[in-house]
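Welcome! Please take a look at the sequence and the model below, and keep an eye out for charged side chains.

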Amino acid sequence: MLALPPMNPAPNLVLVGPMGSGKSAVGRRLAGRLGLTHVDADHFIVERVGASIPEIFARAGERGFREYERAALEELLAGEGLLVSAGGGTVLREDNRRQMRERSFVVYLQVAPDVQLQRIGQDPNRPLLQTTDPCRTLTELAAVREPLYREVADLCFDTNHLSTADVCLRLGTRLNRHWQCNRTTS
Ligand code: S3P
């Protein structure tokens, strides 16, 4: 029997999805399992800029933050063997989506707004959720972003009823079957 060719044999793996979809927690655990180096894009930006995400939003606005985010993604995806947990809004820019498609296998971690809220709680580190009705905000963000997550994704994975450990286990198995990390250096 012929083996199926791997889907998009790219040099990096990127997790996209809304806030609270588990990109950071899953990314940390999954990277070890797949022999990749984990980078949380938000942490990378915070280190580079020397300010927290709320401070960056306060000083530079969302527009300024998105520029840091674009630069971080470009720098990270120039590398190989990375598992990047991208911030929830990274897919908004066309150039980011193109970078991801060209340089990575993209997994969309799906989650419903009510589950997001349970996972996130009242997190002061998420400036976009400092509103009177965070559930409504999450629903509005999802209406705009869901098609973009789908557009960029090689694989969609529903996390709604799964623990982080279960997501890693099941997603890891699927990735082992369908994705081969295509490094030019060993
Ligand atoms: C954002 C998501 C956050 C962070 C910033 C903006 C967004 O990352 O990048 O607060 O626009 O959805 P997480 O998705 O890791 O929470």
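What follows is a short tour of some salt bridges in this predicted model.

Side chains of opposite charge can pair when their charged atoms come close. In this structure there are 15 salt bridges. Three of them are set out here.

| Salt bridge | N to O distance |
|---|---|
| Glu75 and Arg48 | 2.5 Å |
| Arg97 and Glu151 | 3.1 Å |
| Glu146 and Arg150 | 2.6 Å |

Let us begin with Glu75 and Arg48, whose side chains meet in a salt bridge. This pair links distant parts of the chain, 27 residues apart: Arg48 sits in helix α2 (residues 41–49) and Glu75 in helix α3 (residues 53–77). Arg48 is exposed, with 52% relative accessibility, while Glu75 is partly exposed at 41%.

Next comes the salt bridge between Arg97 and Glu151. Because Arg97 belongs to helix α4 (residues 94–103) and Glu151 to helix α6 (residues 134–152), their pairing ties together parts that lie 54 residues apart in sequence. Is Arg97 buried or exposed? Its relative accessibility is 9%, so Arg97 counts as buried. Glu151, at 40%, is partly exposed.

Note on methods: Residues numbered from 1 in each chain as written. Predicted model: local features only at pLDDT ≥ 70, side-chain atom pairs only at ≥ 80, totals over all residues. Heavy atoms only, no water. Salt bridge = Lys/Arg side-chain N within 4 Å of Asp/Glu carboxyl O. Helix = DSSP H or I, 4+ residues; strand = E, 2+ residues; numbered from the N terminus. Buried < 20%, exposed > 50% of the residue type's maximum accessible area, 1.4 Å probe, protein only.
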